[in-house]
Structures are given as structure tokens and as C-alpha cells.
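Biologist: I would like to learn how to read a structure, one feature at a time. Where shall we begin?

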Amino acid sequence: MITFTISLVALFIGYLIYGKFIERVFGPDDRVTPAVAKADGVDFIVLPSWKVFMIQFLNIAGTGPIFGAIMGAKFGPVAYLWIVFGCIFAGAVHDYLVGMLSMRHGGASCPELVGQYLGTGARKVMLVFSVFLLLMVGTVFVYSPAGILQGYGGTAILWVCIIFAYYVLATMLPIDKIIGRFYPIFAFALLFMALGLMGVLFIKWPALPELWTDFHNMGMAADESFTDQIFPCLFITIACGALSGFHATQSPLMARCLKSERLGRPVFYGAMITEGVVALVWATVSMYFFYGEPAPGYQLIEAIGNNGFATNEPNVVNIMCNHWLGVVGGILAVLGVVAAPITSGDTAFRSARLIIAESFGISQKPITKRLLISIPLFAASMALLIWQVENPNGFRTIWQYFGWSNQALATFMLWTATVYLVQRNKPYLITLIPSLFMTAVCVTFLCISKIAFGWDATLSYCLGGIATVIAAVWFFTWYNKYTKNHINH
């Protein structure tokens, strides 16, 4: 619990000090924002800042900081380091700069930003990459809540149809009609659940693994089937609670709703820090569940029918919320494992619609043109969903590809922000270091993971290191060329 407490304080200090520094580096001013200049009553709408914060928080959170933290907690307290340092120095910086760059470029989406700073070729790759990522997000977050809702009546197929019907409405209607009205409520529920669990943690003050006593991969010691390496698997497993490329597709949604650039730090940087707090809480609750002393938490909870260390993420949520928070906790658990993924799914489809529309110059004010883009998206998602249902390992397969794609997208956006900072003569190391680190993570994971090449760990580490060195050489070669041309002109 001492590591947990220190981590909470570190996140708070990170927002106050490093967040302020990042804001000063970017330099927000009083220029007219896209929400005002391009107001269309559909996607560009000025919303109250508190509402924008709550929507942004739920957009980027969903079940990510819950399920990811539960899976990451199996590694042990080393997960705290990634949540804290990843959140402060990578994730929050990533979200803030993407959101602010979107505002500076008329509400531009991530492919357009990549094209602006990394070139047309990179823009085309990012267009396909981001739309495919968003399709995976929308698809994986349909069947799992449908399966849970099936327990309350009806069939899984019926609930899939209902969720898809909701997706259509949320994707097509103006952002203030459904998202603007209901997301703050769900965001409050997610925060209330996290704060309730945090309160119980401080009251119980359980004996948990600490960094200075268990700085190793505890998962391998707990279960022989747990073979994941801390590097790079931890940094892929915990994404939304530390750094996530999915956020790059969501920040532009809110960049189109802010009335002032000066609100960027509390909305973009602040929402990421808040998500880090949620991830810390769930990582700690999960460490109690897996490693609590003198016995793991699951051994102290009777007749729950779990599988100990192998208990899946939704069951951990349900067990702990019901056991610690009672009836209210049970309701919040349902919101956490049902409403949260659904709300991530609908904004994923909305982002995909806007990315495609922006890339091909299709106005989204007429509803017929929104339909023109949305129908093929939903058809593709349905096809992917059918494959997922018919394949026994479909969900896990799609989720693993999503995990790597998610962090690869974040890496792209960090490189984009680095080029922007160089061009504006600003301190670029704040994004260059995370860019290089995540390049190593993504390449190494691609080499070592069974979903890709499945090569030997030593070879994978070497290839990841070589790729990072190549990226660094590429960057500094470009940097020297750019600075020389800049000085000459």
C-alpha cells in the first residue's frame, strides 16, 4: 500500500508540475477555436468545459484502465512504475499535444496531423491503420458486454443487435444529443467506483507486494502458464492507464468542442492523469486479489467459483465490486464492464466516420453523407464480429492485435509531435524519448509475440534495439538537415 500511496501522490504532482511545463512548451493562447470557427451543430459544438472533461475521460477510459490494469497487476508492483511514469511523461503528453495540435489545425484527425508533419505516405498508412484500429475497438467492445447482458435476459445476438442500434444513433446524431448528455453520467459512475474502491483500500490497508520487496515478474512465480516478459509485454498490456494510441483518435473529438485553448491542460492532460488514478486503483485491488497476504484475496472470498490467479478480468471486477461495495458496487460493476466498453465502441465508430470524411473531403452536416460512410463501417464490423464469434479464440486474437496496434499508433503520434516541436524550435526531448522507447517496445513485441513472429527473446531484444537505433539515426539525420536549411533561410 505504500507504493500505491506514493504513486497516487506522484500522479498529482506530475499534473501540477510537469503538466504545467508541457502547457508552457506548447503555449496555448486566445485564438478562436474550431468549435467556434467551424460550428456545424453536429461535430463542432461548444460544450461546457466540465462536460468536455467528463466525455474525454470516458472516451479514453472505457474498460482500458480496468482490464489492462488487472492483467498488468499479474506482473507485480513493477506495474506501478509504468502507470506513473508512462502516464506523466508519455500518455498525458501524447493526449495533450494531439488534442492541442488538432485544435491548431482546425480540429484535424490523427491521419491529417501525421500527414502534416511526417509526409503524405505516412498519412495514407495512418488512415488505413487508424480506421482498422477503430473497427477492432468497436467490434471487441460489442460481444463481451452482450454476453454479460445475456445473463439478465434475452440472447447474446439480441443484445448485439441492440448495441449496434445504439452505435448507429450515437455515431450519426450530433455529439450533444447522446454523448453530451449521457457520457458525463457514465464517467461519474466510473470515477465513483474507483474512489469507492480506493476508500476501502485505505480502510483495509492490506499487506501487498511493494516495489522494494518484489521488483520482479511475480506472474511467472504464481502460474507456470504465465510466460509474458515484463519487457515488452507489460507496456502493451497496460495501455489506456499509461499510454494509448486510441486516445489520439478521441482527443480530436473534444478538440472540436472546446471554446478556449487554455482549457487543454485540464481536459487532455488532466483526463489522462485521472485515468492513471483509475488504473492505479485497479492494479492495487488486483494485487490484493492475486497476491494479498497472508492469503490472496480470492482465497478470502467464499463461494465465488473463480479460478484463482487465472480469474478473467470481468470476474475480478464483479467479485471485488460486489464484495467490497455491496449492491451499489454490483451496479457499478455492471456499468464498468458493460456501459464503459459500449461507450468506447460508439466513439470509435464516430472517430472512424470523421477520419474518413476528413480524408476524402466529405461534409458531415447532411445526415445522408454521414450514412454514406457509416453503413460500410458497420458492415465491416459485423463481418469481423461474425468471425470473432465463430472462432473460439476470436476475441483474444483481435484483442492482442488491438494491443499492439494501439501502441504503434501512439508511437506514430509521438513522432509526429516530436517533428512539430522541432519545427517550432521547442524542447523536443519531451516526446523524442517516449518515441524511441515505444519504438523499442512495439518492434520487440512484434518479434517476440506469438501473434506475429514468435521469435526467441534474445533475438527479439536485439532486433528491437536495432530498430530503435535506426529510428534515432533517422531522426537526427533529418534534424541536422532541417536545422541547416532553417538557418540558411
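Modeller: Begin with Arg 104, which is partly exposed, with a relative accessible area of 23%. Keep in mind that this is a predicted model.

Biologist: What does Arg 104 form a salt bridge with?

Modeller: Side chains of opposite charge can pair when their charged atoms come close. Here Arg 104 pairs with Asp 29, and the closest N and O atoms are 3.6 Å apart. This pair links distant parts of the chain, since Arg 104 is in helix 6 and Asp 29 is in the loop between helix 2 and helix 3, 75 residues apart. Asp 29 is also partly exposed, at 23% relative accessible area.

Biologist: Which residue forms a salt bridge with Asp 43?

Modeller: Arg 353 does, with 3.2 Å between the closest N and O atoms. Asp 43 lies in the loop between helix 3 and helix 4, and Arg 353 in helix 16, so the pair ties together parts that are 310 residues apart in sequence. Asp 43 counts as buried because its relative accessible area is 2%, and the cut-off for buried is under 20%. Arg 353 is buried too, at 0%.

Biologist: How many residues apart are Glu 23 and Lys 20 in helix 2?

Modeller: An α-helix has 3.6 residues a turn, so residues three or four places apart point the same way. Glu 23 and Lys 20 are three residues apart, and therefore separated by about one helical turn. They form a salt bridge, with the closest N and O atoms 3.4 Å apart. Glu 23 is buried at 11% relative accessibility, whereas Lys 20 is partly exposed at 39%.

Biologist: What span should helix 17 have?

Modeller: Helix 17 has 24 residues, and at 1.5 Å a residue they should span 34 Å. The end C-alpha atoms are 34 Å apart, which agrees. There is still a kink of about 25° at Ser 374, shortly before the proline Pro 376. Ser 374 is among the buried residues of helix 17, which also include Arg 370, Ile 373 and Leu 377.

Biologist: Where does Trp 205 lie, and which residues does it touch?

Modeller: Trp 205 is in the loop between helix 10 and helix 11. Leaving out residues up to four places away in sequence, Trp 205 touches Met 1, Ile 2, Thr 5 and Val 200. Trp 205 and Ile 2 are 203 residues apart along the chain, yet their C-alpha atoms are separated by 9.3 Å. Trp 205 is partly exposed, at 44%.

Key: Residues numbered from 1 in each chain as written. Predicted model: local features only at pLDDT ≥ 70, side-chain atom pairs only at ≥ 80, totals over all residues. Heavy atoms only, no water. Helix = DSSP H or I, 4+ residues; strand = E, 2+ residues; numbered from the N terminus. Expected span 1.5 Å × (residues − 1). Bend = angle between axes of the 7 residues up to and from the residue. Buried < 20%, exposed > 50% of the residue type's maximum accessible area, 1.4 Å probe, protein only. Contact = heavy atoms within 4.5 Å. Salt bridge = Lys/Arg side-chain N within 4 Å of Asp/Glu carboxyl O.
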